[in-house]
Amino acid sequence: MNTKDVLFQERTISKFTNALLLASALTGLASFIISAHSIWIQWTVLAHILTGAIISLAMLPYFYVHFRRTLGFRRAGMVFSGIFLLLLFLLCAFTGWHIILYGRIESLAWVYQTHVVSTASFVVVLVLHLLIHVKFLPVHRRSGDLGTFPSVGPGLAKFVVSLNVGIQGLVLVATLLYSALLIPPSTDAVIQPYEQAYGSHPFRPSQTETYHNKFVAEEQIANSQMCMSCHQEIGEQWMSSVHQQAAADPTYVTNITLLAEKKGISATRYCEGCHAPVALLTGQLTPGGEHGGIEGTLANQHGISCMSCHGVKNLPHIKGVASYEFTPAKDYLFANSSFDILNNIHNKLLEVRPSQHKRDVGHEILADPKSCAVCHTQFMDKDMNDWGWIQMQDDYGAWLASPFSRQHEENFSSQQLTRCQDCHMPLVASNDPSADNNGLVRSHNFAAANTFLPLLRGDTKQFEATKQFLQQNKLRVNIDQPSRTDAIQSTVFLDETLRDTSEIPMFYYLGETATIQVVVSNIGVGHNFPGGTIDINQAWVEFSVHDAQGNQVYLSGGIDEDGYVDEEAHFYRSLPIDKTGKLVWRHDLFNMVGTSFKRVIPAGKSDIATFSFDVAPWVKSPLTVVATVKYRKLNNRYAKWALQDNYFEIPAIDMAWDTLTIPVKIRKTVN
């Protein structure tokens with residue numbers, strides 16, 4: 001191929017590459033400098049993806065032809081700048097394709113930064129390359145047939161301008177058409193008419209608010225499957241969590257059904273703001289609607305959905321009962337489309353330009369323990385119990401009063417605090433796009449104390465993780481060594497050097513009454529132990545004594561063959577009562593007006609349990625004393641009532657224990 005043919009080929013390719021290069025540069029620049037989330041900028045980003053992908057392929061033959069034509073030129077500046085341009089282009093193309101294929105991954109932020117820097121550098125070096133070309137071009141060549149730039153053929157400028165105007169025109173038309181056809185999300189309750197039984201506020205007695213004081217469309221909060229299409233690992237963690245099962249939990253189903261029967265479906269808003277936000281915010285909780293406890297409903301399937309937490313932007317207050325303000329995320333193009341190809345475009349846009357998505361779902365409040373307070377703090381007022389205001393569970397307040405909050409330092413507060421998220425959402429390794437530079441994300445298993453739900457679903461992995469969490473040095477048990485007040489007399493010679501010991505003898509005589517104290521310390525729970533629904537959970541001290549032959553001398557806190565714990569055990573629990581003083585044991589808290597008993601261990605504090613037993617004459621020395629703090633999610637009486645056909649004996653978890661061996665002696669008769 002002669003020089004003229006090569007030049008003709010170069011000019012032909014150059015016509016398209018220059019036009020697409022400019023289009024890609026302009027759309028990329030607009031995407032970079034305009035942070036606002038609009039329909040136009042999204043179409044512009046799509047145009048940048050398309051033109052960038054095409055130019056990344058079209059420039060390779062252009063570089064080949066151009067180098068082939070100019071390889072014989074003896075100008076070092078031109079050669080080196082040209083080679084540098086090729087390298088920058090390859091770097092820009094590689095990072096661009098990486099972003100197109102994999103999106104902007106948080107832990108690989110350098111890929112996007114490299115793409116921006118290499119693109120800007122390419123433009124600068126290109127200008128420099130052209131200036132070098134003009135400087136060293138002979139004067140007679142500048143006005144010759146080939147012109148100053150031989151690669152530029154006739155009509156290039158017109159073609160470049162026309163193509164770019166056409167692309168921008170298409171973007172504008174697409175923007176106008178999409179805007180005209182776009183149906184905004186509904187702000188009306190899905191069930192009409194909607195009953196406002198607790199005043200003019202649509203969500204009362206729940207404390208929930210929305211940013212526009214209206215209802216939320218289902219697709220704005222019940223869209224967890226869409227989230228999982230990108231965040232698969234986090235989604236799998238959430239699927240195993242109690243959050244996901246918050247509405248489908250059979251005990252909740254029993255209680256919410258009871259509440260609906262006794263006080264009407266509007267009263268279920270009190271519970272559903274935390275357990276089933278989808279039902280509350282879409283307007284299902286009114287006569288004719290379905291609460292989250294009904295199988296098959298969206299609220300039942302999602303429980304606490306992804307957006308139930310990630311849509312929380314502000315907190316009206318932290319008194320609890322779902323005291324959050326919900327703000328839905330802004331949609332990307334083709335959100336919630338029923339066509340796969342449009343869904344793929346939507347996902348690709350979100351992956352390539354995730355800045356708005358981060359702003360919508362990564363609110364700063366989510367890193368604050370206050371965000372947990374909105375549901376893990378609870379009160380009841382006259383609207384619900386027909387009596388008056390009472391404080392119920394308050395894990396946030398207990399954390400605030402604990403050493404973990406660091407709110408009691410000399411300087412009042414410290415940055416070195418331990419948050420709710422640090423214990424219940426620890427950092428774990430993940431390939432998720434949101435993983436940090438160390439490849440870590442916050443676990444969405446929400447490890448806590450619910451042991452029966454994983455077993456009910458056959459999720460042994462989640463059960464073992466929960467068990468491990470409970471046994472992770474949360475409590476400490478110490479059996480206080482008993483000491484005698486009487487001394488032992490003997491006529492045997494005693495070496496005087498032995499009198500320096502200060503150790504008090506520890507033993508019991510056959511036939512006497514032994515009294516032993518057990519100290520239980522809350523060293524690792526960031527709030528009171530136990531926390532949460534302490535009226536239906538079970539935590540107690542099992543205290544057992546056996547002799548050398550394994551015979552049981554004494555037992556407190558044992559579990560009988562029917563699954564019931566010894567009623568005389570040392571329990572950590574509360575006993576709520578109704579206005580007549582009867583025990584509210586079914587967790588029907590709308591009947592609760594107070595508590596007749598409550599024993600918990602605040603964080604950093606200890607409790608002392610005292611046990612007394614008779615050392616029987618048949619005991620063989622020594623005695624082995626074992627004290628164990630046991631925990632069981634749901635006491636047996638409540639579990640049988642609430643789980644009904646799903647009932648099974650929930651295992652008790654040994655959270656902490658201690659042992660002590662005590663000699664037994666025969667008391668000698670003194671004459």
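In the predicted model, Asp-422 forms a salt bridge with Arg-442, the closest N and O atoms being 3.4 Å apart. Because Asp-422 lies in helix α20 (residues 420-424) and Arg-442 in strand β7 (residues 440-442), this pair ties together parts that are 20 residues apart in sequence. Both side chains are partly exposed, Asp-422 with a relative accessible area of 29% and Arg-442 at 27% relative accessibility.

A search of the whole structure finds nine salt bridges, one of which is formed by the side chains of Lys-358 and Glu-106, with an N to O distance of 2.8 Å. This pair links distant parts of the chain, 252 residues apart, since Lys-358 is placed in helix α16 (residues 355-361) and Glu-106 in the loop between α3 (76-102) and α4 (109-136). Lys-358 is partly exposed, with a relative accessible area of 39%, and Glu-106 is likewise partly exposed, with a value of 34%. A further salt bridge is that of Lys-630 with Asp-654, whose closest N and O atoms are 2.5 Å apart; here the partners belong to strand β17 (residues 623-632) and strand β18 (residues 653-662), respectively, and are 24 residues apart. Lys-630 counts as buried because its relative accessibility is 11%, under the limit of 20%, whereas Asp-654, at 28%, counts as partly exposed.

Acidic residues also occur together at the surface, where Asp-560, Glu-561, Asp-562 and Glu-649 gather in a patch of negative charge. Of these, Asp-562 is placed in the loop between β12 (552-556) and β13 (570-571) and is partly exposed, with a relative accessible area of 45%.

Strand β12 is itself part of a hairpin with β11, in which five residues lie between the two strands and Gly-550 in the turn has a positive phi of about 85°. Strand β11 (residues 538-546) runs antiparallel to β12 and is joined to it by four bridges, with Ser-544 standing opposite Leu-555 in β12.

Elsewhere, three strands form an open sheet of mixed pairing in the order β1-β3-β2. Strands β1 (209-210) and β2 (312-314) stand at the edges, each with a single partner strand, so that one side of each is left without a neighbour in the sheet. Two bridges join β2 to the antiparallel strand β3 (residues 325-326), and Val-312 stands opposite Phe-326 in β3.

Terms used: Residues numbered from 1 in each chain as written. Predicted model: local features only at pLDDT ≥ 70, side-chain atom pairs only at ≥ 80, totals over all residues. Heavy atoms only, no water. Patch = residues over 30% accessible without salt bridge, like charges linked within 9 Å, V, L, I, M, F, W, Y side chains within 5 Å. Areas by Shrake-Rupley, 256 points an atom, 1.4 Å probe, with all protein chains shown as cover. Salt bridge = Lys/Arg side-chain N within 4 Å of Asp/Glu carboxyl O. Lys, Arg positive; Asp, Glu negative; His and termini not counted. Charge placed at Lys NZ, Arg CZ, Asp CG, Glu CD. Buried < 20%, exposed > 50% of the residue type's maximum accessible area, 1.4 Å probe, protein only. Pairing = 2+ DSSP bridges.
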